[in-house]
Amino acid sequence: MIFRTTNPRTTRPALRKVRTTTTLRALHHRLDPARVEEIPFHAPDGVRLGLTRIDTGDADRPAVLLLHGHTASADMFLLPETRNLVDVLLAEGYEPWLLDWRGSCRLPYNETGRRYTYDDVALHDIPEAVRHMRTRIGDRPLFVVAHCIGSLTLSLSMTAGLVPGLAGVVSQGVFLTPKLAGRTSLRMTLAGELLKSRIDHIPVDFRKVGLWSKYTPLFALASRKATCPDPTCQILHNSAWGTGASLFVHEHLTDTTHQRLAELLGPAPLWILPHLRRIELARTVVRWHDTDHRYRALPQNALDAAARIDTPVLLLAGSENGLWLDSQNLCRDVLAHRQPQLDVTYTEIPGYGHLDTFLGRGAALDVFGHILDFLDERR
Amino acid sequence: MREVNENVPAAVDQRATAEAIERGGVGLTVTDLLAKVTAPAATTRPDADPPRDVDTLAATIAGIAGRYVPAGRLSPDADFFDAGGTSVSAVELVAALEAELGTQLDLDEVFADARPINLAKRMLARTGAATAVPEAAAAAAIGAVRPQAVATPPPLLAGSPPRLTTPSDSTARPDDLTQILADLSLADRLPFTASPDPVAPRRILLTGATGFLGSHMLLDLLRHSDAHVHCLVRAADEKGALTRLGEALKGYALPWSSEVRRRITVLPGDIRQPHLGLPGDLWNTLAHELDSVVGVAAAVDFLRGYQSLRTSNVLGALTLAELAATGRPKPLHHISSVAVFNEVGIPSMGEDDPLAHIDRLVAGYDQTKWAAEVALRRARDHGLVVTALRPGGIGGHTRTGACNPQDLSSGLISAFGRFRTVPAFRYLNAAPVDWVSRVAVAAICEPDAWGFDYNLTGVPNTLDDVVRDMALGGMHVRVQDWDEWRADALARLQAEPVPELAFLTRVLQSPTALKLCEATLKGPAATADRTTALVEALGLPPAARYDARAQLKTFERLAHDGLARLPHKDDQPYLWFTETTEGRVGPVGATPDTPCAMSLTLSIASMHQLVTDRRVDVRGELTCPALHPEPLTVARGDIWVRPEEGIPHGHGLRHQLLRYRLELTDTDGGRWWLEGHKYARARRDLWRQTRALTVQLGREGEPASLAGEVVVPADSYVRDQIDGIRVDPRLTGQEKRAAKLTWLAWFGLEMGRGLIGPFARAAADLLDLRRTPNSTEHHR
């Protein structure tokens, strides 16, 4: 029962119609504003992205590029209410850099649909950010810590040889071998096919769409058997964008983070689903554009090209990851069998889900130690 | 304080006596007493009796015992175990004493009281060479000043030594009772204190952070509060303490990073020492700065007696109470144990139910936990806010499997799995450590929860639950009577000793520890209404039964550590059937023209290998003239179902369905390997996909020399692999049918998932041909 509404209250503010440039929503952090450098940054295909450098006043620190997941943003590493990854990296002598690639909720593309596929991210966003950083940091070591789709697209960039010479990569959630639960996959396909002619994104913030809208049935479905009454939490925790997967372990979030969920995670575009589905059913990262030669730098199948990975990789995953399940464990097994020469280790974080490995109130204690151990060994 | 108590005539005589014994006529605080107990020198009354006096004998025993403690020496009135002696070294000590002194000493006596001076007394009493000295053990330590009270003991105590005719394994020893009463009275010397501020703690002292529960609680305190935690760790200096704490946390699979170190301070000290072994100024600073004291440290040993455990478990708790009551008022959170109910035949174990009768508690551990809790109840009368948290059995972590390998429950679980028998218990009051720790920490951080008693026992497991859980895992156990089980398990442990289970053997041999086991196994289910209410109010995960799924990781860890044993491919298989294949192979790249046939037996040792590895064991033989004229034997073989989740070897739709890996030996000793795959494709020959095996063969260490395809004949498939399934003959008919059905359901589902994969991808490719319409959303 997907119905169209003409209610003018649900339309976007008029500003969108007159605005000609893309701006990024401001970061939410408690660092000294003078130390946060926002770099005007565009992908080679002209798309405005966000790149932020935290200035430490120390020119010798190894740099760490942080890649968020799809629909999240650099804010996920800067939570002011907990001890976040940027705090810990600064304390341990690293220089954090945060990229808002085109799937960031600080950028409007997910919602207003300047369409893209993960090929664009792997081909343009990540390599360009690394290139730009290299011009600034010189030959200092460069690490990448990537979450979810950020990590999945990074794996495609790495196997394409577009980001050579990284000092180390920490991948959280999923890397080369994405695996979803059958139920999640089925729901994703069904919902995508049924809804794609009616809507183009699934919002998560109930307050922005209102009680009576064409998204109401989605929120209603997501609230089935939910324990938390917050609709935003329901559509993320109980049923991630309606797929039935769970993005985090509820009790790991502080109340403040829980209230900010709609700010931390934005709407999910439906037009990305075909690529995501192709990747998930193949259980490996595959290229979408088969006939477009602009993308030929990317391998057709990232797993087949895994021999090109030239850096140590730490695969992290929460033991209760409700979205990607044990993908990282599978990735370790597959790489150990097919590419035994690679330096790939897997660390499971007991009791953690997917997003709470960065957003959780205990993440500094339970998760970041593993990341730092890995970085410290290779700095 | 004494004036206050003297208004209570019933108890006063008894207590006064005990106090007087303990005090030696002068005022003695916890600190003084600890100093006396730990000080090496104490003047014992010279015993003139030939052939050897107590002192000389004690010195000799101390000399021998010194070899078995880390320090290399032991003073005659110091406890052997406190000085670092272990259960194993106690056994060696008894053997050494027997060899060198020629007198027999019962191992249980050493465990009951392992101070050389008391061992000497008992040896002399046994040989009849010394005058009977049946006085309280405490008196020996206190020395020459004999208070008058002992000369005219109150009626209760006066009668007991001569009438000590009850068997020593059903009631407490009078020596111990006297000592317990003396220890309880120490609580009366605590200062009076005001109520603490009802705010979440910011600076916490935690003892026992290197222990199993304590280490988990340390991390939970850090996770669920913003507090800084001071950890009292037994070590010479801060560096040593930090190392020891780090090793302990890592050993329990807990994080140990700069982020953890940032929020803790280690205090090298000792719970058994006065003022925790801390310098005076530090003690004072702590007394004024801390806002919460959490006592987790305890000596957990079911063999040792009260005398040996009291310094850690009773006096340690009282020292913490002293710290809590001194300076700024602080709540004291004491980890007690349901052992305080551990009396055979106790009717109920609720949070507010009466504790066991102390004279019916036999094991030293139970006695010390009882004494500590009762002493702290008395401390409540001084205004101290004391929370008593009583875990039952603490099971391994549900996620990491971290467990305490020297714990009785670990030993019992391992023995159940090894021997496939369980004693008929009523309830197992056990909960996983993650839940116990989480709830304990919640009570510590929530001011409204302070000052009450909580049973952290979770949901009790009944005998039926346990038997059913084990059957689910493919380990069908048989129930035995407790005595029968004990005799049986002991005989098996002695016949085939398992070094990791040596402690269980000792427990099953010790009459005292057996009483403890019996009380535990025959006890009622603990109830925990207050804990349940707390959990609900704070929105914590409710207690769940510690079932097979929750125990899986722990069991794997126990098996890894050598305690438990997972079913192995050399054991009697749980289920097996045969598979025959026929086909042709040929040199790689050429037409396959040589016949090749396999006759295999596929078996599983337990459901565990299916759930964790999706692996089936293979035996049998292969006949292929291209390799050897005689059939080759499978030395080792495995089949993986949906290996690597079916991910194709190369880009494409050819998903892996099954993977065979066989190591073969021919009759001339040549070694070969076979690697085979069944593939799922998006084609309609599904029936053939499930039967056709693409194989490669080669000599060991060399690349493939032969390749081809072998197929399970269609007519033999159902006959062999469904009708022909055989199940362990030791199982009952019902269990056999269940095993067969479980296997077929599991295998059918896995094959179904494997076969559907390529079709789903083909279907998705078709769906992708649909036009993606431009969005109709308004704002675009």
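What percentage of the 780 residues in chain B do buried residues make up? In this predicted model, the share is 45%.

**View 1. Overall make-up of chain B, with 29 helices and 22 strands.** Buried residues account for 45% of the chain, which has 780 residues. Among the contacts in chain B with a separation of 6 or more, 73% are between residues 24 or more positions apart.

**View 2. An open, parallel sheet of seven strands in chain B.** The strand order is β3-β2-β1-β4-β5-β6-β11. At the edges stand β3 (264–268) and β11 (453–456) of chain B, each of which pairs on one side only. On average, and with direction ignored, neighbouring strands of this sheet are turned by 20° against each other.

**View 3. Pairing of β1 and β4 within the sheet of chain B.** Strand β1 (residues 203–207) and strand β4 (residues 292–295) of chain B run parallel and are joined by four bridges. Within this pairing, B:V293 in β4(B) is the bridge partner of B:L205.

**View 4. Helices α13 and α17 of chain B against the sheet.** Helix α13 (residues 238–251) of chain B packs on the sheet, where it touches β2 (228–233) and β3 of chain B. The direction of α13 makes about 120° with that of β3(B). Helix α17 (residues 364–380) of chain B also packs on the sheet, touching β5 (332–335) and β6 (386–391) of chain B. For α17, the angle with the direction of β6(B) is about 160°.

**View 5. The buried strand β5 of chain A.** Strand β5 (residues 142–147) of chain A is largely enclosed by the rest of the structure, because six of its six residues are buried. In a regular strand, side chains alternate between the two faces of the sheet. From β5(A), A:L142, A:V144 and A:A146 point one way, whereas A:F143, A:V145 and A:H147 point the other way.

**View 6. Parallel neighbours of β5 in chain A.** Strand β3 (residues 63–67) of chain A runs parallel to β5(A) and is joined to it by five bridges; here A:L67 stands opposite A:A146. Five bridges also connect β5(A) with strand β6 (residues 168–172) of chain A, again in the parallel sense. In that pairing, A:V144 stands opposite A:V169. The chain passes from β5(A) to β6(A) through helix α5 (residues 149–159) of chain A, in a right-handed β-α-β crossover.

**View 7. Contact between chains A and B.** The contact involves 42 residues of chain A and 29 residues of chain B. On the side of chain A that touches chain B, the elements giving two or more residues are α12 (273–282), α13 (327–338), α15 (363–366) and α16 (368–378) of chain A. The largest share, five residues, comes from α12(A). By type, the residues on this side of chain A comprise 14 nonpolar, twelve polar and 16 charged.

**View 8. Nonpolar cores.** The largest nonpolar core has 285 residues, of which A:L65, B:L206, B:C231, B:A321 and B:A375 touch the most other members. Helix α16 (residues 306–325) of chain B supplies the largest share of this core, with eleven residues. Residues up to four places away in sequence aside, B:A321 touches B:L190, B:L332, B:L376, B:A379 and B:L384. A second, separate core holds 37 residues, including B:C596, B:M607, B:V618 and B:L632.

Key. Residues numbered from 1 in each chain as written. Chains lettered and ligands numbered in written order. Predicted model: local features only at pLDDT ≥ 70, side-chain atom pairs only at ≥ 80, totals over all residues. Pairing = 2+ DSSP bridges. Axes fitted to C-alpha atoms, helices over the stretch in contact; angles between N-to-C directions. Contact = placed C-beta atoms within 7 Å. Buried ≥ 20, exposed ≤ 12 C-beta atoms within 10 Å, placed from the backbone. Right-handed = clockwise from strand over helix to strand, strands pointing away. Nonpolar A, V, L, I, M, F, W, Y, C, P; charged D, E, K, R; others polar. Core = buried A, V, L, I, M, F, W, Y, C linked by C-beta atoms within 7 Å.
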